[in-house]
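Please keep the sequence and the 3D view open while you go through it.

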Amino acid sequence: MRYERDNIKSMQGYVSGEQPEDRDFIKLNTNENPYPPAPEIQQVIADFDARALALYPPARADRFRDLAASLHKIRRDNIIATRGGDELLRLLITTFVNPGEAIGMTDPTYSLYPVLAQIQDCPTVTVPLEKDWTLPDDFAAQVNRAKCKLTFLVNPHAPSGKLLAVDRLADIASELNSVLLVDEAYVDFVEDRYDSIPLILEQDNIVILRTLSKGYSLAGLRFGYGIGAEDLITPMLEKTRDSYNLDLISQLLAEAAITSRDFAMENCRKIMIQRDVLRNALLQLGLDCEATQTNFLLATVPAGFACSARDLYEALKAAGILVRYFSEPKLINRVRISIGLPEENRKLVDSIKSLQGADRK
Ligand SMILES: *Cc1c(COP(=O)(O)O)cnc(C)c1O
């Protein structure tokens, strides 16, 4: 006898990138930051007194919310702190979408979105991106026609790394009849001038997702936050959030992360420089690779290259380097490569070079 709901029985769970524990790989597969977090983080851990764990933590992480509010020049009521950006995504669905109502997104997109939709028993409406990864002009119209209650956009986009301008986001939000989640997991790696936060004061339907996982080198901490109009944030904060969704230690570490933000942003700048270096090296090897605004590149393996994308992924893995391969149709001839430390990126390039050499013999 199986007792789970029918939609849970029939769905596939989220498949995360490989997180091997048994062997030292160069990990360029899950967009983690190769640099360590700020020294202040280590200090908070060293100073922590375990007796503090006897009490429940602050329920709403108000000290963190105040720090984030002052960073972004908005009010505490515009912010909810969550267990990773991923918890915010789940809260948005729980709070704004009934089971059976549609959720809009692009194809391709962050592969967690359709999984979360299925958990709530919601159909997914996917709008294919154009060949150059841009949004079709009638994106909002398509989502409205399908009566979506919530729409997910990732900006800069994953896995293409392309950025939508703030004006375009504003146009989309004002045309949509649904809540719009703008997932800014990679915003700390954006080169262009880009600040979408003022939009939350103009539009009553935008929530922006931020995370400490990528830009702050804290993927293991599980801390993110949402930014939006008070009427969107309050029901999640007061009703649908787990009673104590963030443990005390993670709250203290997240506060230290915001306070020492300059350290993290300096590392992001190093990654942005390496992004250009690696891209040029991949182009020289004969891979196609457009510029991105994220901490990863999406390399296309052209016809006539020494091997297929899948074989490249396998051969690199055998050589101790993990990159991400997606078997879905739009990504079948590509690999996504997270930017690593300079020496890690060099090893990647050398490995691809020696593969090509082996192929010629
Ligand atoms: C990493 C990521 C997130 C959030 O990740 P958390 O670790 O849960 O904060 C959200 N969206 C995208 C596209 C991501 O890549």
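1. Helices (H or I, at least four residues) and strands (E, at least two) are DSSP runs, numbered from the N terminus. Most residues other than glycine have a negative phi, and most peptide bonds are trans.

2. This is a predicted model, in which local features need pLDDT of at least 70 and side-chain atom pairs count only at pLDDT 80 or more, while totals for chains, interfaces and linings use all residues. Residues are numbered from 1 along each chain as its sequence is written, and side-chain values use heavy atoms, with hydrogens and water left out.

3. The protein chain has 13 helices and 13 strands. Its radius of gyration (taken over C-alpha atoms) is 21 Å, close to the 21 Å that the globule rule (2.2 Å times the number of residues to the power 0.38) gives for 361 residues, so the chain is as compact as a globular protein of that length. Along the principal axes, the C-alpha atoms fill a box of roughly 65 × 55 × 55 Å.

4. Two cis peptide bonds deserve a look in the viewer. The bond from Asp-107 to Pro-108 is cis, with omega near 0°, and Pro-108 belongs to the loop between strand E3 (102-107) and helix H5 (112-119). The bond from Asn-155 to Pro-156 is also cis, with omega near -5°, and Pro-156 is in the loop between strand E5 (148-154) and helix H7 (166-175).

5. Which residues are around the ligand (with a heavy atom within 4 Å of it)? Among them are Gly-84, Gly-85, Asp-86, Tyr-110, Asp-183 and Arg-222, and helix H4 (residues 84-96) gives the most to this shell, with three residues.

Technical notes:
A residue is near a molecule or strand if one of its heavy atoms lies within 4 Å of it.
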